[in-house]
Amino acid sequence: PNPTATTARLTFAVKESEKATVVLYNTLGQRIATLYEGRPKSGEQVSLQLDTSTLGSGAYIVRLKAGGVLKTRKITVVK
């Protein structure tokens, strides 16, 4: 769910097997955590569980980079 208070589930898949990274940033652009770094198989769905209980309230950015593709999503944490 978004907004979330305790956990958030993130899923993604890539068309071709290539290096992928998922990174969590705060709104100042500071890296908070690397959530995933690896090479998923083509079409494989990767599911990540993000524990937001240690984060302060506010907006965060999740950025997926795989090959030449960059996707960005916003997550809001409320306490």
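In which strand is Ile75 found? Ile75 sits in strand β6, residues 69–77. I will come back to that residue after the overall picture.

First, the basis. This is a predicted model, in which local features need pLDDT of at least 70 and side-chain atom pairs count only at pLDDT 80 or more, while totals for chains, interfaces and linings use all residues. Residues are numbered from 1 along each chain as its sequence is written, and side-chain values use heavy atoms, with hydrogens and water left out.

Now the fold. The protein has 0 helices and 6 strands, and from the N terminus the order is β-β-β-β-β-β. Here helices (H or I, at least four residues) and strands (E, at least two) are DSSP runs, numbered from the N terminus. The radius of gyration is 13 Å, close to the 12 Å that the globule rule gives for 79 residues, so the protein is as compact as a globular protein of that length. That radius is taken over C-alpha atoms, and the rule is 2.2 Å times the number of residues to the power 0.38. Along the principal axes, the C-alpha trace spans about 40 × 20 × 15 Å.

On burial, 33% of the 79 residues count as buried. Buried means under 20% relative accessible area, exposed over 50%, and partly exposed in between (1.4 Å probe, protein chains only). The exposed surface comes to about 5,100 Å², with carbon and sulfur atoms supplying 49% of it; the areas come from the Shrake-Rupley method with a 1.4 Å probe, and for residues only the protein chains shown count as cover.

Contacts next, meaning heavy atoms within 4.5 Å. Among contacts between residues at least 6 apart in sequence, 59% join residues at least 24 apart.

Back to Ile75. Ile75 is buried, at 7% relative accessible area. Beyond its neighbours within four places in sequence, Ile75 contacts Asn2, Thr4, Ala8, Leu10, Leu50, Gly58, Ala59, Tyr60 and Val62. For Val62, the sequence separation is 13 residues and the C-alpha to C-alpha distance 7.2 Å.

Leaving out neighbours within four places, Asn26 touches Ile32, Ala59 and Tyr60.

Thr21 is also in strand β2, buried at 16% relative accessible area. Not counting residues up to four places away, its contacts are Tyr36, Glu37, Arg63, Leu64 and Lys65. Gly67 is 46 residues from Thr21 in sequence, and their C-alpha atoms are 9.6 Å apart.

Last, charge. How many salt bridges does a search of the whole structure find? The search finds 1, the criterion being a side-chain nitrogen of Lys or Arg within 4 Å of a carboxyl oxygen of Asp or Glu. The pair is Lys19 and Glu37, with the closest N and O atoms 3.7 Å apart. It links distant parts of the chain: Lys19 is in the loop between β1 (7–13) and β2 (20–26), and Glu37, 18 residues away, is in strand β3 (residues 31–38). Lys19 is partly exposed at 47% relative accessible area, whereas Glu37 counts as exposed at 56%.
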